[in-house]
Amino acid sequence: MSLNYPVDKLYEEMGFIAYYFHWSHEALMSMEHHERQRWCEEISRINRNLNDEGSEKKENLRKELAFNQSVFSGMPVIGINNYEDVLEIGIIKSFEIAETLNSERIIPVIQIYYSNRTDNFHKDNN
């Protein structure tokens, strides 16, 4: 390690690498300056790529949402559950993006106009 290298910069590089790779203090201190900088650059490149992929996925999801809104809103839907002898008829009012455990997906918002359910599942639509 060069004695002319600023201590604040050294800690910044070490903290950055340790945060992402969880390498020990000893491992980081044993690296040459140029090696630490190279690892910082590589971590930054990985983060940029991940952020770009996430932005692209969100943009594709927004496009799909807009398409679904324009094509399917107002369409009638019929739901039949043979196990419970339930019949439901409704209209797709809109679509929304729902967050799941691992991703986001588009789901329809349906206004139910008829249901033979007896369990008050649609109690807010009576």
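Ile80 stands opposite Leu87 in strand β2, and that pair is a handy place to start looking around this predicted model. Numbering starts from 1 along each chain as its sequence is written, and side-chain values use heavy atoms, with hydrogens and water left out. Since this is a prediction, local features need pLDDT of at least 70 and side-chain atom pairs count only at pLDDT 80 or more, while totals for chains, interfaces and linings use all residues. Helices (H or I, at least four residues) and strands (E, at least two) are DSSP runs, numbered from the N terminus.

**The sheet**

Let's stay with the strands. 6 bridges join β1 to β2, and the two run antiparallel; two strands count as paired if DSSP finds at least two bridges between them. β1 and β2 form a hairpin with 4 residues between them, and Asp85 in that turn has a positive phi of about 50°.

| Strand pair | Bridges | Residues between the strands |
|---|---|---|
| β1 and β2 | 6 bridges | 4 residues |

Put together, you get an open sheet of 3 strands in the order β1-β2-β3, with antiparallel pairing. β1 (76-81) and β3 are the edge strands, each pairing on one side only. From one strand to the next, the twist averages 50°. Strands of a sheet pair through backbone hydrogen bonds, either parallel or antiparallel.

How many of the 6 residues of β1 are buried? The count is 0, and β1 is hardly covered. Buried here means under 20% relative accessible area, exposed means over 50%, and partly exposed is in between (1.4 Å probe, protein chains only).

Over on β3 sits Arg105. Why does Arg105 count as partly exposed? Because its relative accessibility is 47%. Leaving aside residues up to four places away in sequence, Arg105 touches Glu96, Ile97, Ala98 and Thr100, where contact means heavy atoms within 4.5 Å. Arg105 and Glu53 are 52 residues apart in sequence and 16 Å apart in space, C-alpha to C-alpha.

**The helix across the sheet**

α3 lies across β2 and β3, running at about 150° to β2. Such angles run from 0 to 180 degrees between N-to-C directions, with axes being lines fitted to C-alpha atoms, for helices over the stretch in contact.

This helix takes in residues 33-72, Ser55 among them. Ser55 is partly exposed, with a relative accessible area of 46%. Ser55 and Asn116 are 61 residues apart in sequence, and their C-alpha atoms are 43 Å apart in space.

Asn68 is also found in α3, but Asn68 counts as buried, at 11% relative accessibility. Not counting residues up to four places away in sequence, Asn68 touches Ser73, Phe95 and Ile106.

**The first helix and the cores**

Now to α1. Its 15 residues should span 21 Å at 1.5 Å a residue, and its end C-alpha atoms are 21 Å apart, which agrees; the expected span is 1.5 Å times one less than the number of residues.

Which residues of α1 are buried? They are Leu10, Glu13, Met14 and Ile17. These residues cover an arc of only 95° around the axis, so they sit on the same side of α1; the arc is that of the directions from the helix axis to the C-beta atoms. An α-helix has 3.6 residues a turn, so residues three or four places apart point the same way. The face turned away from the buried side carries the exposed residues Asp8, Tyr11, Glu12 and Tyr19. What covers the buried residues of α1 includes α2 (25-29) and α3. After α1 comes His22, with a positive phi near 60°.

The largest nonpolar core has 8 residues: Tyr5, Leu10, Met14, Ile17, Leu28, Met31, Cys40 and Ile43. Such a core is a set of buried Ala, Val, Leu, Ile, Met, Phe, Trp, Tyr and Cys residues joined through side-chain atoms within 4.5 Å. α1 (7-21) and α3 each supply at least two residues of this core, and α1 gives the most, with 3 residues. A second, separate core of 5 residues includes Leu65, Ile92, Phe95 and Ile106.
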